[in-house]
Amino acid sequence: MTRLKMVALAFVWLVMWSSAIAQEHLSLRCATREPNAEERGKIDQVIARNREIRQAAGLFFSLATVSVHVHVITDGANGNVTDAEINDQIAVLDAAHAGSGFSFTRGSVDRTNNATWFTMSPGSAEEAEAKAALRVGSADDLNIYTANPGGGLLGWATFPSSYVNNPSNDGVVILFSSLPGGSAAPYNLGDTATHEVGHWLGLYHTFQGGCTGRGDLVSDTPAEKSPAFGCPAGRDSCPQKKTAGPDPIHNFMDYTDDACMSEFTGGQTDRTHAAWDAFRNGK
């Protein structure tokens with residue numbers, strides 16, 4: 001093997017190794033704490049019962065307009081997202097749920113200079129302090145906190161079922177530069193918020209449970225062994241699964257680039273409305 005070929009192969013290996021390390025790092029991009037198996041079972045029972053009652057009564061899910069309250073947290077020099085970026089973010093949320101019965105409108109916006117809160121981490125005292133001081137509204141109000149958590153995190157959220165026991169913690173935290181037009185490319189088109197709000201509405205990751213079990217508890221999202229990154233067209237990580245087929249790389253609840261994300265399924269929409277009625281609507 002010539003020296004040139006050896007250098008070329010070494011370069012290719014380095015690129016592949018760097019990509020793998022970057023992907024492993026980005027696998028932490030969403031820090032939402034998902035309920036354990038027992039908790040998921042109880043939540044699913046409530047959601048299923050709510051769905052059965054409405055169907056037996058011939059009721060459809062009502063339209064839901066969600067007020068979005070945005071809490072912009074800065075360190076004085078960084079993080080001060082503009083009103084235009086906030087408006088664009090809400091428009092992205094609204095477009096992602098078009099036709100689903102959910103719409104999102106701008107509520108209040110406040111701005112806080114607090115360097116400690118700006119770098120809050122999931123479950124930290126700083127997160128609790130920020131939310132206790134800033135959160136407004138009730139269970140059906142969406143509170144979004146923009147910050148700079150670091151560590152490769154793009155955001156995290158709470159699930160609808162957790163509101164009753166810890167209302168002040170309810171909401172979504174996102175990296176400030178992930179808003180539309182921000183600097184967190186390829187995650188700067190606003191779909192970090194779309195992903196986290198999906199959790200806030202009751203959805204799990206498409207890759208939950210891998211190729212075994214009940215996955216994300218939605219029947220029309222194909223099983224997926226692990227998170228997908230980039231936009232790997234044709235990826236099929238669970239070929240032997242009953243729900244075999246290409247991985248749902250375009251689903252907002254995967255980990256692909258913002259430009260690759262474009263859909264929620266009908267089953268996901270059904271689940272969000274059932275969770276909304278059970279845990280958020282009028283609560």
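User: Which residues does Thr256 touch, not counting residues up to four places away in sequence?

Analyst: The model is predicted. Thr256 is placed in the loop between helix 6 (191–200) and helix 7 (266–280). Leaving out residues up to four places away in sequence, its contacts are Arg29, Tyr187, Ala228, Phe229, Gly230, Pro232, Ile249 and Met261.

User: Is Thr256 buried or exposed?

Analyst: The cut-off for a buried residue is a relative accessible area under 20%. Because the relative accessible area of Thr256 is 0%, Thr256 counts as buried.

User: Which backbone oxygen does the side chain of Thr256 reach, and at what distance?

Analyst: Ile249 is one of the residues that Thr256 touches. The side chain of Thr256 reaches the backbone oxygen of Ile249, at 2.8 Å.

User: Which element gives the most to the lining of the largest pocket?

Analyst: The largest pocket has a volume of about 410 Å³. Of the 21 residues that line it, the closest to its centre are Arg33, Thr158, Phe159, Ser162 and Asn169. Elements that give two or more residues to this lining include helix 5 (125–134) and strand 4 (155–157). The most, three residues, comes from helix 2.

User: What is the volume of the largest cavity?

Analyst: Ile43, Ile47 and Phe159 are among the residues that line the largest cavity. By class, its lining has seven nonpolar, two polar and one charged residues. Helix 7 gives the most to this lining, with three residues. The volume of the largest cavity is about 50 Å³.

User: How many charged residues does the lining of the second largest cavity have?

Analyst: The second largest cavity, with a volume of about 40 Å³, is lined by Val70, Ile86, Gln89, Ile90, Ile144, Thr146, Ile174 and Leu179. By class, six of these are nonpolar and two are polar. The number of charged residues in the lining is therefore, by the class rule, none.

Notes:
Residues numbered from 1 in each chain as written. Predicted model: local features only at pLDDT ≥ 70, side-chain atom pairs only at ≥ 80, totals over all residues. Heavy atoms only, no water. Helix = DSSP H or I, 4+ residues; strand = E, 2+ residues; numbered from the N terminus. Buried < 20%, exposed > 50% of the residue type's maximum accessible area, 1.4 Å probe, protein only. Polar contact = N/O pair within 3.5 Å; in protein donor to acceptor, adjacent residues only side chain to side chain. Contact = heavy atoms within 4.5 Å. 1 Å grid on protein atoms, 1.4 Å probe; cavity = no way out; pocket = protein on both sides within 12 Å on 5 of 7 lines; lining within 4 Å. Points joined across faces, edges and corners; volume = space filled by probe spheres on them.
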